Amino acid sequence: MNKAPGIDSVGTNTLLELLEETVDYIAELFNKSLNSGDIPPDWKLANVTAIFKKGNKSSTSNYRPVSLTVNLCKVFESIMRDYIIDHIEKYKLVRQSQHGFFKNKSCLTNLLVFMEEITDYLDSGYPVDVIYLDFQKAFDKVPHHRLILKLEAHGINGNVLRWIANWLSGRKQRVVLGGQVSDWREVLSGVPQGSVCLYYI
């Protein structure tokens with residue numbers, strides 16, 4: 001319910017209010033899109049807006065760019081995400097130590113497990129060294145070809161893989177700020193910030 005609309009300006013409230021009248025058409029659209037691998041052109045467009053994180057508001061580094069995409073596409077992405085997660089969990093393709101993006105796991109549960117392990121080491125008299133790594137703008141730098149190869153290596157193929165490959169290709173974005181918009185630019189790498197589909201891979 002808290003998702004901002006994309007280029008089509010259709011909010012989640014509108015989708016819910018028209019659910020009974022449109023659900024059959026939406027289901028048909030989703031099925032045709034998956035089976036053909038074709039994606040409505042506006043699903044590949046994103047309005048990029050800046051969300052303030054913290055610190056000095058005049059510093060651009062204190063803002064996070066978020067891609068506002070079509071909400072109907074986000075619904076379909078959620079279905080794809082659930083399929084991918086079921087597949088990953090069924091075949092145990094991700095270690096149990098991975099806490100991000102999985103049900104009943106979070107940054108907090110990760111920290112609790114980490115603290116327990118460190119405490120056990122210290123109680124046993126072992127020295128502990130910790131190295132923190134931060135991949136800056138990691139989602140912006142994901143090469144599409146490599147992502148497709150990784151999905152395929154994890155056993156995701158057929159219509160689902162073809163749909164994701166098409167969804168990643170030919171994407172465009174523009175910056176929207178204070179009622180002004182930039183020109184459209186092609187997206188050559190990365191996963192849209194705000195997307196729900198591929199944060200699990």
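Of the 201 residues in the protein chain, 29% count as buried. The model is predicted.

**Stop 1: the whole chain**

Show the chain as a cartoon. Six helices and five strands make up its secondary structure. Follow them from the N terminus: the order is α-α-β-β-α-α-α-α-β-β-β. Now turn on the C-alpha atoms. They fill a box of roughly 65 × 45 × 35 Å along the principal axes. Residues 24 or more positions apart account for 62% of them.

**Stop 2: strands E1 and E2**

Select residues 45-52. This is strand E1. Which way do E1 and E2 run, parallel or antiparallel? They run antiparallel, joined by six bridges.

**Stop 3: from E1 to E3**

Keep E1 on screen and select residues 172-177, strand E3. Here the two strands run parallel, and four bridges join them. Leu 45 has Lys 172 in E3 as its bridge partner. Ala 46 stands opposite Gln 173 in E3.

**Stop 4: E3 and its antiparallel partners**

Stay on E3. Select residues 180-181, strand E4. E3 and E4 pair in the antiparallel sense, over two bridges. Leu 177 has Gln 180 as its bridge partner in E4. Look at the turn next. E3 and E4 form a hairpin, with two residues between them. Gly 178 sits in that turn, with a positive phi of about 55°.

Then select residues 185-186, strand E5. E5 runs antiparallel to E3, and two bridges join them. Click Gln 173 again: its bridge partner in E5 is Arg 185. Recall that Gln 173 also stands opposite Ala 46.

**Stop 5**

Is Asn 62 buried or exposed? It counts as buried because its relative accessibility is 18%, under the 20% cut-off.

Now show what surrounds Asn 62. Setting aside neighbours within four places in sequence, Asn 62 is in contact with Ile 51, Phe 52, Lys 53, Lys 54, Gly 55 and Asn 56. Draw a distance from the Asn 62 side chain to Asn 56. A polar atom of that side chain lies 2.9 Å from the backbone oxygen of Asn 56. Draw another between C-alpha atoms, from Asn 62 to Phe 52. They are 6.2 Å apart in space, and ten residues apart in sequence.

**Stop 6: Tyr 63, in strand E2**

Move on to Tyr 63, in strand E2. Tyr 63 counts as partly exposed, because its relative accessibility is 24%, and that class lies between 20% and 50%.

Which backbone oxygen does the Tyr 63 side chain reach? It reaches that of Lys 57, at 2.7 Å. Lys 57 is also among the contacts of Tyr 63, along with Ala 50, Ile 51, Phe 52 and Lys 53, once neighbours within four places in sequence are left aside.

**Stop 7: Asn 71, in helix H3**

Select residues 71-90, helix H3. Asn 71 belongs to this helix. Asn 71 counts as buried because its relative accessibility is 2%, under the 20% cut-off.

Show the residues around Asn 71. Not counting residues up to four places away in sequence, Asn 71 touches Lys 3, Ala 4, Pro 5, Val 10, Gly 11, Thr 12 and Leu 15. Zoom in on Val 10. Its backbone oxygen lies 3.1 Å from a polar atom of the Asn 71 side chain.

**Stop 8**

Finish with the second largest pocket, which has a volume of about 540 Å³. Select His 99, Ser 106, Cys 107, Asn 110 and Leu 111 to find it. Of the 13 residues that line this pocket, these are the closest to its centre. Colour the lining by class. What does the lining hold by class? There are six nonpolar, six polar and one charged residues.

Technical notes: Residues are numbered from 1 along each chain as its sequence is written. This is a predicted model: local features need pLDDT of at least 70, side-chain atom pairs count only at pLDDT 80 or more; totals for chains, interfaces and linings use all residues. Side-chain values use heavy atoms; hydrogens and water are left out. On a 1 Å grid over the protein atoms alone, a cavity is a set of points where a 1.4 Å probe fits but cannot get out, and a pocket is an open set with protein on both sides within 12 Å along at least five of seven lines; lining residues have an atom within 4 Å of a point. Grid points are joined across faces, edges and corners, and a volume is the space filled by probe spheres set on the points. Ala, Val, Leu, Ile, Met, Phe, Trp, Tyr, Cys and Pro count as nonpolar, Asp, Glu, Lys and Arg as charged, and the others, Gly among them, as polar. Two strands pair if DSSP finds at least two bridges between them. Buried means under 20% relative accessible area, exposed over 50%, partly exposed in between (1.4 Å probe, protein chains only). A polar contact is a pair of N or O atoms within 3.5 Å; within protein, one must be able to donate a hydrogen and the other to accept it, and residues adjacent in sequence count only if both atoms are side-chain atoms. Contact means heavy atoms within 4.5 Å.
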